[in-house]
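Take a look at the sequence and structure below.

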Amino acid sequence: MVMPGPVLEQAHHTAATKQSSFILSNSSSKDVVIDPPVAHQRRLAQYHPTIWGPKLIDSFSTSYTHESYASKLEGLKQNVSEYLHVLSTKAKGDACLTLKLIDSMQRLGVAYHFEKEIKAAIVTLVSSSTASTTTDLQTVALQFRILRQYGISISSDLFNKFRNDVGSFKDSFNNDVDGHLSLYEASHLGMPGEDVLEEAKRFSSKNLKQSMATLKDDNLLKRVAQSLQTPLHWRMPRIEALNFITMYQREDSKNLQALLELSKLDYNLVQSVHQMEIKELSRWWRELDLKSKASFSRDRLMENYMWAMGIIYDPQFQQCRIGLTKFVCILTVIDDMYDVYGYLDELERYTDAVTQWNMEAKEELPEYMKPIYIAMLEFGNDLADNIFKNTGLNTLPYIKNEWINLCKAYMVEARWFYGGYTPTLEEYLKNAWTSVGGPGAILHAYLLIQGSQLTEASLESFNNGSQLIYWASIITRLADDLGTSKAERERGDVAKSIQCYMDEKGASEEEACDYIKGLICHSWKKINQESAKTTIPRSIVNLSLNMARAAHCIFEHGDGIGNSIGVTKDRLVSLIANPIPLDD
C-alpha cells in the first residue's frame, strides 16, 4: 500500500502555488469533459426538512444570565485561581497535580478565564525541569502534551527514558493505565518523523485495549474507551466540556469542588449567549428566505451554527460566530446548487458572475440563482464595509477571492460529474481542500475575530498560516467524506476520496476507508508541525485546529448535516437548549 504522506504532499505542492491557478489550469479534468445535453429533469437530494423551526428556536430560554450570576462566577474564578497559584508556586509543588488541574480547566471549557495564570504556572513547570527529571509516565506525558498545546517547544526524546535498548517501551509500565492513557493522548501531538511517538501510540493503544477487560474503575474505563475512539486532541472543545463535566463530577471527592461548580455555571452562561445568537440568526435566515427561494438545498441553520460554535465558542466572540454561521449557510446553498441542482451551463454562468462580483452580473443568471448570488454578494460586501468602517482596511479582495476560489472548485467537481470522470485521489485532493470551504471559513473567522484590532500586519500574518489551513481543510474534507460517502454514492454524486482511491487502486471500500484514516493521521502530524511555528498567530492556530475537530465531531456518526436527526440533534439539544442542573 502507498504511504499516505506522498499523496497529500503532492496535492499540497500543486495547491500551494495558488488556489485559483490550479482550478483554472486543471487540464487533467477539464480536457476530458464534454458537456452533455441538458438533462430533462433536475436532480434532488431529498434532504429532510429542518427539525428546528423558528418557533422552537424562539422558545429557547434560560435563567442563567451574566447579570444574575456575575458575582458567583467571579467568586468561583477567584477560588480556582488561588488554588492554581498555590499548587504551582509552593516550594515542593506537585507537578502532576498542577498539570492535572490545568488539563481539567482546559477540558471543562474554562481555561479561557485563566490564560495568564496558566501561562505563569507553565513557565514555573518548565523552569523546574519536571519532565526531564521525573520517571512518572503520566506526569511526563501530560506535561509534554500541555506544552505542545500552548506552542512551547519540547522534544519527544524525553520519552526515551521509558524505552529499552531496542527502542520498545519497557514492560514495567504495563499496569499503569493512567500513564498509558496520558501517553496515548500525548502521542497525538506528534509531528512527522517523531518515531518515538508512533511507538508510544502503538504501545499505549495495545495496553489500553487489554486493560479494558479488567478495569474496575467505571470512570477510567469510559475515559479509555472514549480516547481510543477519538483522542482528546481531535475533540470539539464544547462537546468535550459537556462530557468531561459529567466525568469530573463523578470524581468530585478527588477534585476541586469550586472548579466543578465554575464549569457548570460557565457552561450555562455561555449557552445563554449562544441562545441569543441563534435567535438573531433565525431572524436573519427567515428574512433572507433562501429556504423557499432555494428549496432544493439543505435548511440547516442550527447545524451550521454548530460549525461556528465548534470553530470558536468563547462567549466574547459573538460577532464571529454570527458572521461565520451566515457564511456557512450561504455556502451550503451554493454547494447544493453545484453538487445536485444546477445544470452545467448554468453553473458556468454562476461561476463567471462570481468572478465579476457585481449586481449587474446577476442578469445573466437563471431566476433561481439570482437570490443566491445576491445573498452571497451582499454578505461579502457588508462584511468588508463594516471592517473598513472600523479599521480603514479594504478586505473585500480577500473575501471576494475566497468565494471565487470556492465556486471554481465547485465547478471542477461539476465538470467531473457531468463528464462521468473519476479523478485520481491526488487530483481530487488538489481541489477538495478548497471545495470543502475550509480556507474561506478560516479567513472569515479570522477577520471577524480580529474586529477593530485588524491591521495590515495581521492581514499579512494570515498568509503565514496557509499551510496550516491547508492541512486543517484536508482533515475537514476527509472526515466529511468518511461520514457522507455512503449517502452521496447512493445519490449518484461526484466521486469523493473513498471512491477515487477504490477506482484508482482497485481497493475494497474497507481498504479505502483505512487509507483515508491514514491520511487524516498524517494530516494531524502536519497540523502539529505547523502549529509550533511562532510566525503564525495563535488565533489562526486555534481556528484551524477547531475546524478540524468540529469536522470529526459532526461526521463521526455519518452525515451530521444532511441527516441531522440523530446524534447531531441530541448534541444541539445539550449545547443550545438544555442547561446543566446546578446544585443549590
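What follows covers the pockets, the cavities and a helix, in that order.

## Basis

This is a predicted model: local features need pLDDT of at least 70, side-chain atom pairs count only at pLDDT 80 or more, and totals for chains, interfaces and linings use all residues. Residues are numbered from 1 along each chain as its sequence is written, and side-chain values use heavy atoms, with hydrogens and water left out.

## The largest pocket

The largest pocket holds about 1300 Å³ of space. On a 1 Å grid over the protein atoms alone, a pocket is an open set of points with protein on both sides within 12 Å along at least five of seven lines, a cavity is a set where a 1.4 Å probe fits but cannot get out, and lining residues have an atom within 4 Å of a point.

The largest pocket has 45 lining residues, and Q106, Q149, Y150, N542 and R549 are the closest to its centre. Helix α27 supplies the largest share of this lining, 8 residues. Helices here are DSSP runs (H or I, at least four residues), numbered from the N terminus. By class, the lining has 22 nonpolar, 12 polar and 11 charged residues.

## The second largest pocket

About 940 Å³ of space lies in the second largest pocket. Its lining counts 34 residues, with Q229, T230, W234, H552 and E556 the closest to the centre. Elements that give two or more residues to it include α11 (195–211), α12 (218–229) and α28 (567–577).

## The cavities

The structure holds 3 cavities of 30 Å³ or more.

D335, Y338, D339, Y410, E413, A414, F417 and V494 line it. Here α20 gives the most, with 4 residues. By class, this lining has 5 nonpolar, no polar and 3 charged residues.

## Helix α25

Which residues of α25 are buried? In this helix (residues 497–505), they are S497, I498, Q499, C500 and Y501. Buried means under 20% relative accessible area, with a 1.4 Å probe and protein chains only. The cover over these buried residues includes α21 (425–435), α24 (466–491) and α26 (509–531). After α25 comes G506, with a positive phi near 65°.

Conventions
Buried < 20%, exposed > 50% of the residue type's maximum accessible area, 1.4 Å probe, protein only. Contact = heavy atoms within 4.5 Å. Points joined across faces, edges and corners; volume = space filled by probe spheres on them. Nonpolar A, V, L, I, M, F, W, Y, C, P; charged D, E, K, R; others polar.
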